[in-house]
Each structure stands twice: as structure tokens, then as C-alpha cells.
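The entries follow in the order I made them.

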Amino acid sequence: VSSKYNTSWSVVYLGNETYYTPTVGITTGAPPVAKPPAAKPPVVQKVQGYANRNANLYKKTLQSSPVARVLPQYTTVTYSKHNTSWSVVYIGTETFYTPTSWLTAGKAPAAPAAKPQGKVYTNTPGDVLNVRASASASSTVLGRLAHGTQVDHYGSTNGFYKIKYNGRDGYISTAYAMTLKPNAASNAVIVLDAGHGGRDPGAVSGSLYEKTVVLDVSKRVETYLRSKYGYEVRLTRSTDVYLTLDQRVQTAKTLRGNLFVSLHTNAATTPAAKGVETFYSSYSAHSAKSRVLATNIQSNLMGKMSGMTNRGVKTANYYVISYNTMPSALVELGFISSPQDVTHLRSDASRQRMAEGVAEGIAQYVRAYH
Ligand SMILES: [Zn+2]
């Protein structure tokens with residue numbers, strides 16, 4: 001404590017004693033705290049290593065915090081120890097935290113080869129199957145596989161199975177591969193008839209035409225029966241063309257079909273009419289087997305489309321099922337005039353389920369008779 005004595009001197013009080021000192025040597029207020037010497041930054045020991053699992057990276061040293069990104073297993077990383085259990089991972093200019101136990105110092109081992117997901121057989125009777133460089137029908141052909149060749153597949157994308165071909169990745173169409181051995185399949189020739197076509201649109205609901213829906217479903221039935229069962233399937237039409245009813249019957253004969261299934265959609269003047277029904281002809285020479293075929297299709301179809309009304313199996317002497325020379329059925333997949341049915345007829349997912357129902361009904365019939 002001090003007080004000014006005159007212009008240049010001050011009195012300093014220490015205990016009971018007083019002293020004099022030049023005022024310039026005294027600063028009022030609390031003395032400044034001495035600055036500690038600047039601490040040396042800790043030496044960061046960076047390590048090269050790899051993620052020994054798919055390692056979550058965090059912005060905090062907390063596994064319950066949001067995952068900032070995931071480091072795939074065997075990815076090489078630079079990291080340093082942060083504390084006893086966490087490390088800092090350096091990616092570009094960013095830093096993340098990850099548990100040290102998920103990292104291993106040193107060189108990453110080669111990632112183990114992907115495991116096959118199943119076996120399939122190529123199914124191109126009398127023909128070969130192209131192996132493509134990518135999952136596209138327009139990509140380079142790497143080679144060809146004979147009918148009935150068994151291959152391991154590594155999953156499917158875009159309608160192609162990924163396979164190994166001469167030590168590299170190749171792709172084969174799932175439409176020409178099947179999970180059962182082709183020689184276990186029946187020799188039955190299945191003829192699918194997509195109703196209407198060309199200048200005859202069939203029943204219409206706005207921009208939706210019966211001829212389009214039934215051609216799409218027919219192709220789905222074809223693909224399903226080929227790929228799952230290896231059956232031989234033929235279509236009376238595979239494009240938007242007009243065929244007379246008699247041309248359809250004659251085509252089935254020429255193709256030496258063993259059974260014939262015509263696909264249609266219904267229409268009514270009232271929107272209340274709805275549901276799925278299958279017809280056979282009591283007039284046909286094959287009415288007993290046709291009834292079994294129609295019944296199998298209707299029950300399998302309803303199994304897949306349980307949300308739709310089941311109108312059952314009926315008889316009708318429609319031309320294509322009455323004058324055919326093989327067991328025949330005609331399926332009405334739903335009413336294009338019904339607001340409920342039309343949502344299914346428009347939907348890809350519903351069309352696929354309809355196709356699978358029709359196909360499984362056909363397969364049930366084929367297993368019984370062929
Ligand atoms: Zn029709």
C-alpha cells in the first residue's frame with residue numbers, strides 16, 4: 001500500500017514501518033500474474049493402418065453420437081491415439097474419432113473374395129447364353145455359356161446375375177437362368193395369348209389399354225416360367241399387333257402347344273363390377289383338363305391378389321378357348337372400369353404379382369399332367 005508524498009516520491013507502508021520510494025516505480029492495482037512459459041504442443045504420433053471392420057467415424061468420442069461416415073473394412077487410414085480407447089482419424093483436411101480397437105496398424109490385407117449367393121443354370125435350349133461385361137443387354141459380350149451350364153452367382157441387378165467368367169466379373173440375363181436344373185423341367189410348350197393388340201385396344205380406361213396391360217403381364221408370366229421352371233413358353237404376340245381370334249388358335253397349334261392361356265382385362269358399364277375370374281369352355285374337346293387349368297390359375301392368382309374380389313372359375317364358349325386343340329383357359333385379370341381394380345392394373349408391382357399367380361397356376365397344372 002502506498003500514498004503520494006510529493007510530485008516524485010511516494011510513502012510505502014509495510015507493516016508498522018513507512019519508507020520512501022520514487023512514485024515512478026509503483027503501479028496501482030493488483031500485480032499482474034506471471035505468465036507461465038508456453039506449453040509445448042503434444043507430439044502427435046501418426047500411424048498408417050486400416051479399419052479392421054466397417055468402422056463408424058464420429059465427430060465426438062462417443063459411440064452414441066451421430067455417425068459422420070463409415071470407413072469400409074480394409075480401408076487404409078492415417079490415425080493417432082487420442083486417449084486410451086479412441087483414435088483420431090485423418091481424412092483429407094478433416095478429423096474424426098473412432099474406437100482404437102477398430103483400427104489395426106500396418107498394411108491392410110486383401111479383402112476376401114465375395115461369397116457366391118447361389119447357383120443357377122443357364123436355360124437356353126438349343127442355344128447359348130451371352131456373358132456380358134456389365135448388367136446391360138447392349139454391353140460387350142465376353143463369351144458364351146452352353147444351355148444347362150451351372151454357375152455361381154453373386155446377386156442380381158437390373159435383370160442380370162453377376163457371375164465369374166474366366167476370372168473376371170460377367171453378367172448373364174436372369175430371364176435365361178433358372179434355379180432348377182433345366183433337365184428337371186417338363187417338355188410342355190406353354191402358349192400365352194395376350195388379348196387384343198394393334199388397332200384393337202380392348203377395354204380402355206383413360207390412357208390405359210387392355211392390350212398393353214395384358215401384353216406386359218404375359219411377358220412377365222413368360223419370364224417367370226422360364227427362369228423359375230425352365231419351361232418352354234411361347235407368345236401368340238410379343239408386340240402391339242392385331243391378330244384375329246382364329247390366328248391365335250392357329251398359332252397355338254403351329255407352336256405345338258400343350259396348353260393355352262389367354263389374358264384379358266374386364267370392363268363393365270358400372271364401376272361397382274370388380275374382381276378376377278377365369279374361364280374354360282365346356283364345349284372344348286379338352287374341357288376336363290381345361291377346368292383343372294382354369295381352377296389352378298384362379299386359385300394361385302387369388303393367392304397373390306388377395307385384396308381383389310374372387311369371382312371364381314366360370315364356363316364360357318369364347319372362341320380362343322372353345323376352338324383350341326389343347327387345354328385352354330381365359331383369365332380376366334380385373335375390371336379396367338373398376339376404380340379399385342384399375343389401381344392394380346396400372347401398378348408394376350401388382351402386374352408382377354398377377355403374373356406370378358398365373359404362372360404358378362400353370363406350373364401346378366404342368367406338374368400334374370406333363
Ligand atoms: Zn379382352
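**Entry 1: leucine 345**

I looked up leucine 345 and found a relative accessibility of 0%, so it counts as buried (buried means under 20% relative accessible area, exposed over 50%, partly exposed in between, with a 1.4 Å probe and protein chains only). This is a predicted model, in which local features need pLDDT of at least 70 and side-chain atom pairs count only at pLDDT 80 or more, while totals for chains, interfaces and linings use all residues. Residues are numbered from 1 along each chain as its sequence is written, and side-chain values use heavy atoms, with hydrogens and water left out.

I placed leucine 345 in helix H5 (helices are DSSP runs of H or I with at least four residues, strands are E runs with at least two, and both are numbered from the N terminus). Leaving aside neighbours within four places in sequence, I listed the contacts of leucine 345 as Leu208, Val213, Thr265, Leu333, Gly334, Phe335, Ile336, Arg351 and Met354 (contact means heavy atoms within 4.5 Å). From leucine 345 to valine 213 I noted 132 residues in sequence and 6.7 Å in space, C-alpha to C-alpha.

Which residues of helix H5 (339-346) are buried? I found Asp341, Val342, His344 and Leu345. They lie on the same side of H5, because they cover an arc of only 155° around the axis (the arc is that of the directions from the helix axis to the C-beta atoms).

I then listed what the buried residues of H5 pack against: the helices are H1 (210-229) and H6 (348-369), and the strands are E19 (204-205), E20 (208-209), E22 (259-266) and E25 (328-335).

For the pair H5 and H6, I noted that the axes come within 5 Å and cross at roughly 85° (axes are lines fitted to C-alpha atoms, for helices over the stretch in contact, and angles run from 0 to 180 degrees between N-to-C directions). H5 and H6 are therefore roughly perpendicular to each other (65 to 115 degrees; under 35 counts as roughly parallel, over 145 as roughly antiparallel, and the rest as oblique). On the H5 side the contact is made by His344, Leu345 and Arg346, and on the H6 side by Asp348, Ser350, Arg351, Arg353 and Met354.

**Entry 2: two glutamates in H1**

I checked glutamate 210, which is found in helix H1, and it counts as buried at 3% relative accessibility. Not counting residues up to four places away in sequence, glutamate 210 touches His196, Pro201, Gly202, Ala203, His264, Thr265 and Ile336. Glutamate 210 and threonine 265 are 55 residues apart in sequence and 5.8 Å apart in space, C-alpha to C-alpha.

Glutamate 222 also has its place in helix H1, and I found it buried, with a relative accessible area of 14%. With residues up to four places away in sequence left out, glutamate 222 touches Leu192, Val233 and Leu235. I noted 8.6 Å between glutamate 222 and alanine 355, C-alpha to C-alpha, across 133 residues of sequence.

**Entry 3: helix H2**

In helix H2 (245-254) I found Arg248, Val249 and Ala252 buried. They cover an arc of only 95° around the axis, which puts them on the same side of H2. Their cover includes strand E18 (189-194), E22 and helix H4 (319-322). Just after H2, I noted that arginine 256 takes a positive phi of about 55°.

**Entry 4: nonpolar cores**

Which members of the largest nonpolar core touch the most other members? In this core of 43 residues, they are Ile190, Val221, Leu225, Val261, Leu333, Val358 and Ile362 (a nonpolar core is a set of buried Ala, Val, Leu, Ile, Met, Phe, Trp, Tyr and Cys residues joined through side-chain atoms within 4.5 Å). Apart from it lies another core, of twelve residues, including Leu71, Tyr79, Val89 and Trp102.

**Entry 5: asparagines with positive phi**

I noted a positive phi of about 60° at asparagine 158, although it is not a glycine. Asparagine 158 sits in the loop between strand E14 (150-157) and strand E15 (160-165), and is exposed, with a relative accessible area of 66%.

Asparagine 166, also not a glycine, has a positive phi of about 50°. I found asparagine 166 in the loop between E15 and strand E16 (168-173), exposed at a relative accessible area of 69%.
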